[in-house]
Amino acid sequence: MEYRYRENETDYNVRLETNDDGTFSAYIGDRHYEIRLQRAQPGQLNLWIDGRRLHAYTASMKSDITGVLHHYIALVDREARHYELVTPTSTARSQRPGAASGTLKAQMPGQVMDVLVAEGDTVEQGQTLMILEAMKMEIRVTAPTAGQISSLNARKGHTVERGQQLATITPLPE
Amino acid sequence: MFKKILIANRGEIAARMIRACHELGIETVAVFSEADSDALHTRLADEAHLIGPATPGESYLRGDKLVEVAQRTGCEAIHPGYGFLSEAPAFARMVRDAGLVFIGPPAEAIEKMGVKTEARAIMVAAGVPIVPGFQSSTATLDDFAREADNIGYPLMVKAAGGGGGKGIRIVHQPERLTEAIESARREALHAFNDPMIFLEKYIADGRHIEVQILADMHGNVIHLFERECSIQRRHQKIIEETPSPFLSDDVRLQMGEAAVNAARAVNYVNAGTVEFIVDNQMNFYFLEMNTRLQVEHPITEMVTGTDLVNAQIRVAAGQPLHFSQDDLCQRGHAIECRVYAEDPGNHFLPATGPVLRTVEPAGPGIRVDAGVVSGDQVTIHYDPMIAKLIVLADNRADAIRKMDWALAQYVILGLTTNLQFLRDVIQHPVFVVGEATTHFVDDYLSEWEPPETSLSDHVLIAAAIGEMLKQQIAMGGRNGGCNGDQYSPWARTDRFRMGQ
């Protein structure tokens, strides 16, 4: 069985094979691991990987908005950490952040309390464009760059999702 | 004693109150908004009633609806918890006028302490030191600017009706004052329905230390020592501990006495907290009194061996305090970490979404007060706190070690949380030696990012095995159902075995 994951724009491939004695072999790149499940139930794993203990919790969910499958893994040991991976898809690739500069996205879900600019306005870098509110906190959304507001997608009173586009700023020629 | 209590709150504190009631054999009635129809508190209470839409102003802040549900369901008392209506004198009065008991102080005491400006005046009269500042309901922006120059910068703009870090601005330069006042007013109006603000000198390197008090209807007022809450982000506490690693025994006693005096000055009854800011010379100044249960009350319970919610209910039922000042001492050291759905690597912006799975740490001296467990949602409507993790150990060093272990064991899948950030705080050398002030996060961790590590193959293997097991469940297994459990991935007769 092949499993593909992506984290920080890097893709990984894991191949799992079942052995005759009930153990598994895992292949990642040119590396090979022998895995024994000591006790495993969905979402909770006690594994031995090449004789080293691994205790992990896992869960996964498909995003309603993007359709991307997200995998959450927590390792519970001395260096306990939480990780988030996604199953790479062509849409996931095209929707990665780092879109056109000057595109302003909501950093948090919330409600638009006020919009202080209009389409066509010229703004300075750092100028407050709108005010979002969530959990009774005000977050000022400021212009990442100087330029002209070429599109404005937020309206007062609207609820926005994290990552939703709020405005686009086109830099003005010098 | 009461037979039935309405729990006028949500989240972890509602769960905490319901538990205390059930221990006392008291039935509970929960209320919920449309966004909370399946929330934890609605599942724990004996009854749960819908009171309105998600917006707090149309549900949890609707005192009339709460009283109506309480009367309809035969409740004798209402416990407001913290936040929402806990410090609204009008609500306390409304409850009393309806012939019900408000589990908290008298409306008059809330009123006096609730307006921060009035509270400052009462403290001066009671001989409790206050932070230099300026307050006036008629002052113009020019008046504020002039007074601000007298107080000196940096200073704080604070909402008179505020709390919970809302409506607070620190101003470093005069040019920023007007903007800060307007923004604080807007936030205060929205959060507390009261745009009044006041100015207060900003005490650099201050420590936030508060004293828990408890008073009954028979004139007994006692304090349950201090809590140090200096670790804050966005003016909200994230880590609290007791005893304070900073205070001397002398000052600890003086602060306890000052807190008792403050409570007596307003004829206080029930649990309350007197907050002080303590400068690096160990001078302490009254900040405000929180006329309600505090979020961080469990650390006091841990070191004093008390149950404050239990005590609140008994006091409200008219019983005298069942312990005296002499019965109390601080045994060991307790720390609380507030676990939030938020991104500490990105200005602590709140995260929302479903919580796919939580696994809470457990063991001697470990307590988890959670409001969100596996399958629950964190929504944009309410505070993104998931749980409070509290530990008790013999001494501070052991408490830090225990907290680190407990944080490492805490699993929360599906959301970004501050678990790793909290571990980094309690392991930070400045925190470890007990020298963190309210600046700590800004000074040492403002550029915090999750530890940069390359993804280990172990993580990928765990992900793949986890996904494989999930797929096998989805398929029901090739011979699923043969042992009566068609959902078990182990009900298979092929080579796939476990427990070798």
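Modeller: Let's start with a term: a salt bridge is a side-chain nitrogen of Lys or Arg within 4 Å of a carboxyl oxygen of Asp or Glu. Keep in mind that this is a predicted model. Across the interface of chain B and chain A, the rule finds 1 salt bridge.

Colleague: What makes D457(B) and R31(A) a salt bridge?

Modeller: Their closest N and O atoms are 2.5 Å apart. The cut-off is 4 Å, so the pair qualifies. As for where chain B touches chain A, α16(B) gives the largest share of that side, 16 residues.

Colleague: Which classes of residue make up the side of chain B that touches chain A?

Modeller: That side has 33 nonpolar, 14 polar and 15 charged residues.

Colleague: Now to a pair inside chain B. How do you know that R207(B) and E228(B) meet in a salt bridge?

Modeller: The N to O distance is 2.7 Å, and the rule asks for within 4 Å, so the pair counts. R207(B) lies in strand β10 and E228(B) in strand β11, 21 residues apart.

Colleague: Why is R207(B) called buried?

Modeller: Its relative accessibility is 5%.

Conventions:
Residues are numbered from 1 along each chain as its sequence is written. Chains are lettered from A and ligands numbered from 1 in the order in which they are written. This is a predicted model: local features need pLDDT of at least 70, side-chain atom pairs count only at pLDDT 80 or more; totals for chains, interfaces and linings use all residues. Side-chain values use heavy atoms; hydrogens and water are left out. Helices (H or I, at least four residues) and strands (E, at least two) are DSSP runs, numbered from the N terminus. Ala, Val, Leu, Ile, Met, Phe, Trp, Tyr, Cys and Pro count as nonpolar, Asp, Glu, Lys and Arg as charged, and the others, Gly among them, as polar. Buried means under 20% relative accessible area, exposed over 50%, partly exposed in between (1.4 Å probe, protein chains only).
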